[in-house]
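Morning, everyone. I'll take you through one model in a few minutes. Please have the structure open while I talk.

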Amino acid sequence: MKDFQGQALSWDLKSGVIELALHRDPCNEIGSLALDELERFCRALEHLQHHAHALVVYSELKCGFCAGADLRELYERSQGMQKAQAVRGVRDFLERIHRVMNTLDAAPLTTIAAVHGVVFGGGFELALVCDLIIADKMARFCFPELRLGLIPGFGGIPRLNRDLGNAVVRDLLLTGRSYNANKAQQIGLVSQVVGEGEALGAARATAAQLGKFDRQTAIAAKEFIKPIPYEELKREIDIFCDLFTRPAVEAGLKKFVESTEAQPYLP
């Protein structure tokens with residue numbers, strides 16, 4: 001399928017570049033709807049990748065790239081369930097989202113995340129599967145899961161450790177602090193920082209430049225420099241599911257859901 005218009009995302013293919021746009025209010029939270037459509041994209045990618053050299057992922061929403069997992073859905077779906085049943089549901093969701101993330105991580109394309117505003121939790125993890133992150137100067141990166149009694153569950157810890165090393169992982173994970181775009185570039189997370197509102201244009205220009213190079217060489221280089229930490233990713237799911245059974249998590253999710261703040265995901 002060359003193009004698709006869904007409720008949470010859409011994509012199209014032009015001049016060898018696939019553009020995947022996120023557009024689900026309030027801030028592209030990843031729940032069952034977004035996951036269904038991401039899985040649909042991954043199935044389409046099996047065909048699209050033969051006609052493209054690059055993939056650009058971006059958000060059409062003003063708030064930012066993505067606020068992460070749909071915590072309201074996670075909380076509401078677990079209510080009234082036995083703990084074991086709730087954990088089985090969480091594990092199934094995580095295994096599905098990991099398959100999506102691994103597919104994007106290993107795609108034989110050069111992948112670019114064009115980010116702005118909020119790049120939190122699962123949204124940060126989505127950006128991390130991409131080969132390049134181009135950030136608007138107003139972008140902010142954060143793993144706020146610790147305040148919920150959880151760890152990132154969409155593959156963020158192993159991928160961040162692969163790309164940047166354990167010191168950065170510890171700082172982001174254990175403090176819950178956010179990094180601005182300049183800090184993210186300084187530590188090697190972001191490849192390019194551009195002016196406000198310019199990330200998508202810069203990503204498109206980069207994608208066009210990539211079309212000048214031999215694709216097989218690019219694929220070989222990517223496979224060599226970007227191994228996927230499959231064992232660590234499996235362990236992450238186990239730890240997340242173990243933590244999910246604890247009372248602190250239910251309390252943290254309840255507090256989040258009942259918050260009257262406009263953007264409760266902000267640290």
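Strand S2 (residues 9-14) pairs with S3 in the antiparallel sense, over six bridges. Strands here are DSSP E runs of at least two residues, and helices are H or I runs of at least four, numbered from the N terminus. Two strands pair if DSSP finds at least two bridges between them. A note on ground rules: this is a predicted model, where local features need pLDDT of at least 70, side-chain atom pairs count only at pLDDT 80 or more, and totals for chains, interfaces and linings use all residues. Numbering starts from 1 along each chain as its sequence is written, and side-chain values use heavy atoms, leaving out hydrogens and water.

Back to the hairpin. Trp 11 has Leu 20 in S3 as its bridge partner. Two residues sit between the strands S2 and S3, and Ser 15 takes a positive phi near 50° in this hairpin.

On its other pairing, S3 runs parallel to strand S4 (residues 54-59), joined by six bridges. Val 17 stands opposite Ala 54 in S4.

Is S3 (residues 17-22) buried or exposed? Six of its six residues are buried, so S3 is largely enclosed by the rest of the structure. Buried means under 20% relative accessible area, exposed over 50%, partly exposed in between, with a 1.4 Å probe and protein chains only. Both faces are covered: Val 17, Glu 19 and Ala 21 on one side, Ile 18, Leu 20 and Leu 22 on the other.

Next, the open sheet. Four strands, order S5-S7-S9-S10, mixed pairing. The edges are strand S5 (64-66) and strand S10 (178-180), each pairing on one side only. Twist averages 20° from one strand to the next. Helix H4 (residues 121-128) packs on this sheet and touches S5, S7 and S9. Its direction makes about 90° with that of S7. Contact means heavy atoms within 4.5 Å. Axes are lines fitted to C-alpha atoms, for helices over the stretch in contact; angles run from 0 to 180 degrees between N-to-C directions.

Inside the sheet, S7 (residues 118-120) and S9 (residues 140-142) pair in the parallel sense over three bridges. Val 119 stands opposite Phe 141 in S9.

Last, His 116. His 116 lies in the loop between strand S6 (110-115) and S7. At 18% relative accessibility, His 116 counts as buried. Beyond four places away in sequence, His 116 touches residues including Phe 65, Asp 136 and Ala 139.
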